[in-house]
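Work through the exercises below with the structure open. Each task is followed by a solution in steps.

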Amino acid sequence: MKNTLALSAERLENISNIATSYVNKDKALVDNFISVYYRSLAVRTADKESDADLAGMALHHFVLLKSYQNNQPALRLFNPSVEEQHFHSGHTVLQLVAYNRPFLVDTLTMCIEAQGLDVHRIHNTIIDAKRNEADEIIAVEGVQDSDTRYLSLIHCEIERTDSKTMQLLSERILNKIATLDTVVGDWQAMRNKLSEIKQELDNTPVPEVYSSADEIKAFLQWIADDNFIFLGFREYRLEGNADSLELANDADLDAEHLDAGKTINLISVGNSGLGLLNGVSEDTPSRSFAQLPDSLKVLMTMPRVVLLSKSSQLSPIHRPVYMDFLGIHKYDAQGRLIGEYRFIGLLTSQAYQLSVQQIPLLREKANKIMEQADFPKNGYNYHKYMHIINSLPRDDLFQANIDELYPIVSGIAQLKDKKRLRLFTRVDHYQRFVSCLVYIPRDKFNTSLRLKMQQALVDAFNGISSGFTTEFDESYHARVHVHVRTEPGQINTVDLQQLEDELNGLMEDWSDQYQQVMVAALGEQKANSLLKRYLNTIPAAYKERFDVRTGVTDTKRLASLSDSNPMIWKLYQSTGDESNQLHLKLYGLNQPTILSNILPILENFGVLVVSAQTYEFDLPEQSMWLQEYELTIRNAKTIDLAVVREQFEDSLAQIWAGRVESDSLNELVLATRLGTFEVVVLRALMRYILQAKAPFSSQYIQQTLVKNGDIAVMIADLFDARMNPDYSEEVRVSKTQACQEQLKAALAKVDSLDEDRILHWYLDLINAMLRTNFYQRDSEGNRKDRLSFKFAASDIPNLPKPKPMFEIFVYSPRVEAIHLRGGKVARGGLRWSDRMEDFRTEVLGLVKAQMVKNAVIVPVGSKGGFIVKQKSPADGREAFQKEGIECYQTFLRGMLDVTDNLVDGNVVHPDNTVRHDEDDPYLVVAADKGTASFSDIANGVAAEYGFWLDDAFASCQFQK
């Protein structure tokens with residue numbers, strides 16, 4: 001059948017025409033050579049080269065062929081150029097002509113790669129070169145087999161290199177070919193030697209402790225049937241008193257046997273060597289055997305008869321792997337051990353592909369394992385064990401005994417945990433290596449993990465190097481077979497369970513440990529529920545930043561988020577942090593908050609934001625996020641985190657919800673023991689001080705309170721002492737007196753006159769305070785959204801005149817308002833002011849005008865006003881009007897909070913309110929600028945409170 005993948009006749013003709021154009025004679029021979037040389041070249045490969053380059057390559061090889069003589073390899077390495085070789089290549093080219101040998105191409109490739117050079121392409125053709133009597137080539141023919149009488153032509157393109165490296169590589173290749181010739185030359189002699197040994201065993205009694213005699217003979221025949229590549233042979237004589245020892249198994253090594261090991265010698269028999277083991281002409285003690293510990297020397301006497309193991313040397317030809325070592329015991333006529341026949345070589349690929357039931361010795365081992373397992377034949381467990389035995393590394397099956405294999409097979413059969421790594425090990429009888437089978441969950445296997453495990457195994461067993469093979473099948477685990485090379489007698493004693501745990505630790509990534517901690521912390525059911533939601537959403541950057549225990553804590557916090565609780569703040573210090581260093585985490589729903597929105601808020605707490613990082617968790621149903629801030633306290637050297645953590649977190653939450661304003665007074669939250677709303681009291685009083693036209697800016701007042709934080713705490717304590725309804729009158733008087741004295745002493749130490757005046761403003765306001773709604777709660781037990789103070793204005797020393805009888809100041813983040821009343825019974829309008837900085841001055845001016853205008857009609861009156869803080873006309877008329885109405889209602893509620901009521905003719909005081917004045921149930925409001933249409937709204941608020949004036953609470957009077 002025509003090879004459709006080969007070059008076409010037309011293309012071969014063109015290549016030949018180009019090549020023959022370069023020669024003056026032998027044109028027909030060159031044409032003949034090219035047709036044979038390229039007959040197996042695939043079109044796909046040829047298409048990557050031009051016909052001119054293919055012609056030059058072939059012609060250069062033809063010239064090298066003509067130089068071949070005396071059966072000596074002709075080798076050339078060069079960097080081709082069109083001028084010299086008539087072809088171009090970006091690679092270094094190697095061309096070889098040598099008589100055909102087994103493993104020639106494999107050995108050549110192995111030698112090149114051993115130099116760290118990449119092989120890019122190999123073209124190999126086997127030819128029959130016909131010669132005349134003058135030994136000149138007259139024809140070239142293709143062949144149908146690979147007999148050694150033919151010539152092998154190898155064209156190899158390798159990684160581009162320099163002349164020095166080419167020279168070194170050339171020498172090594174020729175040495176390897178010489179080694180290959182030695183092996184090939186002695187190949188038949190080594191096969192004959194095995195036949196002689198088989199015949200010898202047929203006539204010699206052999207121990208059958210480990211294997212039956214029939215199985216041993218069948219195995220040697222199987223070796224002879226092209227299942228073993230013979231590379232070397234040597235005979236050894238055993239000397240010493242080993243013949244007096246009878247060992248049943250490996251476990252019988254006692255002191256007597258160890259002492260015997262000291263007298264055992266292994267002698268290499270002169271002139272017995274073949275292949276790689278030739279060259280010893282006289283009987284010579286084995287140096288490698290002499291270096292073995294006595295405990296290993298005595299293993300020589302174990303009645304195994306046949307031992308297949310791994311050599312400590314790499315094969316120099318064919319495959320760069322450790323050679324197989326086949327030892328066959330030699331017995332005298334009485335059955336005494338007197339020596340060993342030793343072959344080295346390589347098991348063929350067929351030996352690794354056959355079922356164990358097709359290989360002598362292995363089938364016997366398999367049957368003994370199944371007998372020990374004692375499963376019904378052909379049942380599920382029986383087939384499972386047989387599959388495991390067949391899938392074990394073939395080298396381990398050849399080398400291990402039943403006592404070593406059975407625990408491994410049964411352990412593999414019990415691989416149930418899809419998430420856990422398992423380790424099975426076996427130490428070579430002569431301690432030249434440790435075979436380690438590592439079963440890794442498939443989804444965890446990667447090159448990085450494999451490298452770390454190899455190193456861990458080398459370290460654990462005190463190895464000197466390691467190699468590996470990896471196998472995947474339909475199971476949940478990938479199997480990595482690691483060969484740890486060791487020095488005999490130098491292997492560490494290893495706690496295998498501890499080592500397996502260590503490997504599991506290497507395998508377990510952040511996610512694995514996270515799952516384990518989650519289950520341990522929450523129980524399997526709840527943990528699995530959270531893991532299904534969050535495990536695959538955790539960002540890689542988060543895993544790099546935080547450990548798994550922190551991850552579990554953060555996950556629980558994220559899981560607690562809801563529409564009613566959309567944000568959580570957590571402040572903490574880590575062990576090892578500086579005393580002024582803090583960390584803050586912010587957890588939220590949907591889109592992360594913009595850093596420029598949060599940074600000013602944090603800085604108002606007196607901290608510097610050193611760094612900020614956002615982590616997003618893309619849950620299918622709703623996105624979540626976490627922001628971490630590294631903070632440094634600006635002024636305080638240290639804080640008591642146990643005291644301030646909760647109040648700081650609360651303050652942030654209240655600010656973000658819009659219930660508390662953000663300014664530098666919040667620094668008191670971190671610097672002192674003041675809570676969120678104690679600072680709100682100071683802020684509200686500051687707003688009143690500003691409206692009362694004290695000659696200080698808000699920034700200076702805030703700066704003064706923060707600087708004098710201890711006095712700020714005393715002011716808050718005085719407020720609490722005077723206004724907290726939980727104290728009895730006796731306790732109130734006592735606490736108030738104590739606070740007054742403490743404040744007096746502290747104020748005496750204030751150096752700055754302006755600071756003293758500011759602090760005295762606070763003292764005067766609290767002393768003049770009659771009532772507050774600070775301690776009141778709404779129907780759901782929550783703090784009210786406004787803060788009201790009722791003052792006896794005449795008791796405030798620096799208040800601008802005229803001073804009304806009472807003032808009520810209402811404060812919230814949305815609105816500020818003032819109500820001035822000249823007497824117990826007085827009425828007047830409330831206006832919507834646009835004078836943000838001095839609306840009290842505006843209202844006071846109205847009071848003056850009212851006093852002049854209505855002095856005869858109404859001796860005393862009242863006036864009030866409020867400002868809208870969060871909206872402006874720029875937000876739209878409708879939005880601004882809506883906000884104004886809500887602020888107006890807040891104003892009214894704030895006043896009614898601190899006003900008595902009449903119920904059935906009896907005065908009813910506000911709940912949770914200390915009164916430093918007499919009964920005061922009279923409060924009437926009227927319309928004014930901006931509130932002309934608000935009478936019904938006002939009466940609606942009065943109805944909320946069940947206020948006794950009902951619809952008379954508000955009138956439509958508009959007084960200018």
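**Exercise 1.** What volume does the second largest pocket have? Describe its lining.

*Solution.* The model is a predicted one. Step 1: the volume of the second largest pocket is about 710 Å³. Step 2: its lining consists of 27 residues, and Lys310, Asp395, Thr469, His481 and His483 are those nearest the centre. Step 3: two or more lining residues come from each of strand 10, strand 11, helix 13 (349-353), helix 15 (380-391), helix 16 (394-399), strand 15 (465-472) and strand 16 (477-485). Strand 15 contributes the most, with 7 residues. Step 4: sorted by class, this lining holds 9 nonpolar, 10 polar and 8 charged residues.

**Exercise 2.** Which residues lie closest to the centre of the largest pocket?

*Solution.* Step 1: the largest pocket has a volume of about 930 Å³. Step 2: it is lined by 31 residues, with Ser288, Phe289, Ser312, Gln313 and Arg342 closest to the centre. Step 3: elements that each supply at least two lining residues include strand 6 (228-239), helix 11 (287-290) and strand 12 (337-347). Step 4: the lining of the largest pocket divides into 15 nonpolar, 10 polar and 6 charged residues.

**Exercise 3.** At roughly what angle do the axes of helix 33 and helix 34 cross? Classify the crossing.

*Solution.* Step 1: the axes of helix 33 (residues 877-897) and helix 34 (residues 935-945) come within 10 Å and cross at roughly 40°. Step 2: helix 33 is therefore oblique to helix 34. Step 3: the crossing is right-handed. Step 4: the contact includes Tyr888 and Leu892 of helix 33, and Val941 and Tyr945 of helix 34. Its residues comprise 9 nonpolar, 1 polar and 3 charged.

Key: Residues are numbered from 1 along each chain as its sequence is written. This is a predicted model: local features need pLDDT of at least 70, side-chain atom pairs count only at pLDDT 80 or more; totals for chains, interfaces and linings use all residues. Side-chain values use heavy atoms; hydrogens and water are left out. Axes are lines fitted to C-alpha atoms, for helices over the stretch in contact, and angles run from 0 to 180 degrees between N-to-C directions. Helices (H or I, at least four residues) and strands (E, at least two) are DSSP runs, numbered from the N terminus. Angles under 35 degrees count as roughly parallel, over 145 as roughly antiparallel, 65 to 115 as roughly perpendicular and the rest as oblique. A crossing is left-handed if the near helix is turned anticlockwise from the far one by less than a right angle, and right-handed if clockwise. Contact means heavy atoms within 4.5 Å. Ala, Val, Leu, Ile, Met, Phe, Trp, Tyr, Cys and Pro count as nonpolar, Asp, Glu, Lys and Arg as charged, and the others, Gly among them, as polar. On a 1 Å grid over the protein atoms alone, a cavity is a set of points where a 1.4 Å probe fits but cannot get out, and a pocket is an open set with protein on both sides within 12 Å along at least five of seven lines; lining residues have an atom within 4 Å of a point. Grid points are joined across faces, edges and corners, and a volume is the space filled by probe spheres set on the points.
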